[in-house]
Amino acid sequence: MSFNIVSTPIGNLEDISDRAIKILRNSEIILCEKKARALKLLNHCKIKPKLLISYHDDKFLSITKKIIKELNSGKTVSLISDAGTPLISDPGHKLISELIKSGIEPVSIPGPCSVISALTLSGMDISNFIFLGFLPKRKIKILEVLKKNLSIGVPVVIFANSKTLKLILHIIKDNFDGTYVSISKEISKINEKTISGSTDEILRDINNSFYNKGEFVLIAKAQIEESVNNSELKDLISFLQILKEENVSFKQSVGILNKKFSISKKIIYSEALKMWDKN
């Protein structure tokens, strides 16, 4: 008995792993979104499914009972999405949650994910990021979500079609000055392309055919103004003065105070530069 969450290619069918093929080949039941999309992949991998079931969350109650019964009888069941890693902006989380409550531990079969691919293509520091998926449709709701998340200062990943992409870019430009964006499309396909730059630069070229149709992964990182309160700044300047009088080098002073203060290195460097430039 096993329930497998199997990642599938996001474009290039050759990206499917040997392990994923083996799991799907040995599955008595495969849950998918659209049967036609699933069969295209399965035929490519020379897999003839024993039972292929189209799953959507509105079928959750009826299908879940059947799946739990089949799993308890020793069957192997797998879940795939139309493309990429299941459950990421795709149906399935209700089913997985119910399986876990029933004492069944799913197995994840890793593979392609447009979110991770787009992040690696962005050129941004992706040590931390926020994934939002598809945003609300109303402009005021989009702005609320962006205000809450862009203010943190890490890359924010958004799914969008051509219409919503342009709306989101205009909202970012009007409300978050200095935001850098990366826009990826057709990842792993022949026409794969990523365009990066400020929102001003992107919107100047928004009539480019690249933006006219399709689905996009938009990554936005806002420029955050760094600040420090007067008390901290006063202490920092005092310590800088002491270190300078003790003939500690500029570089060493910045390093010492970067460890001592919970102030960004950028601000420490800037204040040190002012002091050392006095002579």
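**Reading the fold, feature by feature**

Tutor: Let's begin with a helix surface: on helix 9, the exposed residues Asn230, Lys234 and Glu245 sit on the face turned away from the buried side. Keep in mind as we go that this is a predicted model.

Student: Which residues of helix 9 are buried?

Tutor: Leu236, Leu240, Leu243 and Lys244 are the buried ones in helix 9. Looking down the axis of helix 9, you find its buried residues within an arc of 95°, so they line one face of the helix.

Student: Why do residues three or four places apart point the same way in an α-helix?

Tutor: The general idea is that an α-helix has 3.6 residues a turn, so residues three or four places apart point the same way.

Student: What do the buried residues of helix 9 pack against?

Tutor: Their packing partners are helix 10 (250–260) and helix 11 (265–276). Just after helix 9 comes Asn247, with a positive phi of about 65°.

Student: Let me try the length check on another one. What does helix 6 reach from its first C-alpha to its last?

Tutor: Helix 6 reaches 16 Å with its 12 residues, close to the 16 Å expected at 1.5 Å a residue. Its buried residues are Ile142, Leu146, Asn149 and Leu150. These cover an arc of only 85° around the axis, which puts them on the same side of helix 6. Lys147 and Lys148 are exposed, on the face turned away from that buried side. The cover over the buried residues of helix 6 includes strand 6 (130–134), strand 7, helix 7 and strand 10.

Student: And for helix 1, which residues are buried and which are exposed?

Tutor: In helix 1 (residues 18–25), Ala20, Ile21 and Leu24 are buried. Their arc around the axis is only 100°, which puts them on the same side of helix 1. Asp18 and Lys22, on the other side of helix 1, are exposed. Strand 1, strand 2, helix 2 (35–44), strand 4 and strand 5 are what the buried residues of helix 1 pack against.

Student: How many bridges join strand 2 to strand 3?

Tutor: Three bridges join strand 2 (residues 29–32) to strand 3. Cys32, for example, has Ser54 in strand 3 as its bridge partner.

Student: Now the cores. Which members of the largest nonpolar core touch the most other members?

Tutor: Leu146, Ile168, Leu169, Ile183 and Leu218 do, out of 27 residues. Among the elements that each supply at least two residues of this core are helix 6 (139–150), strand 8 (180–185) and strand 10 (215–221). Helix 7 gives the largest share, five residues. Apart from this core lies another, of 17 residues, among them Tyr55, Ile67, Leu71 and Leu95.

Student: Last, the backbone. Where is Leu87 found?

Tutor: Leu87 is in the loop between strand 4 and helix 4. Although not a glycine, Leu87 has a positive phi of about 80°, and it is partly exposed, with a relative accessible area of 28%. Ser188, in the loop between strand 8 and strand 9 (193–198), is not a glycine either, yet has a positive phi of about 75°.

Note on methods:
Residues numbered from 1 in each chain as written. Predicted model: local features only at pLDDT ≥ 70, side-chain atom pairs only at ≥ 80, totals over all residues. Heavy atoms only, no water. Pairing = 2+ DSSP bridges. Helix = DSSP H or I, 4+ residues; strand = E, 2+ residues; numbered from the N terminus. Core = buried A, V, L, I, M, F, W, Y, C linked by side-chain atoms within 4.5 Å. Buried < 20%, exposed > 50% of the residue type's maximum accessible area, 1.4 Å probe, protein only. Expected span 1.5 Å × (residues − 1). Arc of directions from axis to C-beta. Contact = heavy atoms within 4.5 Å.
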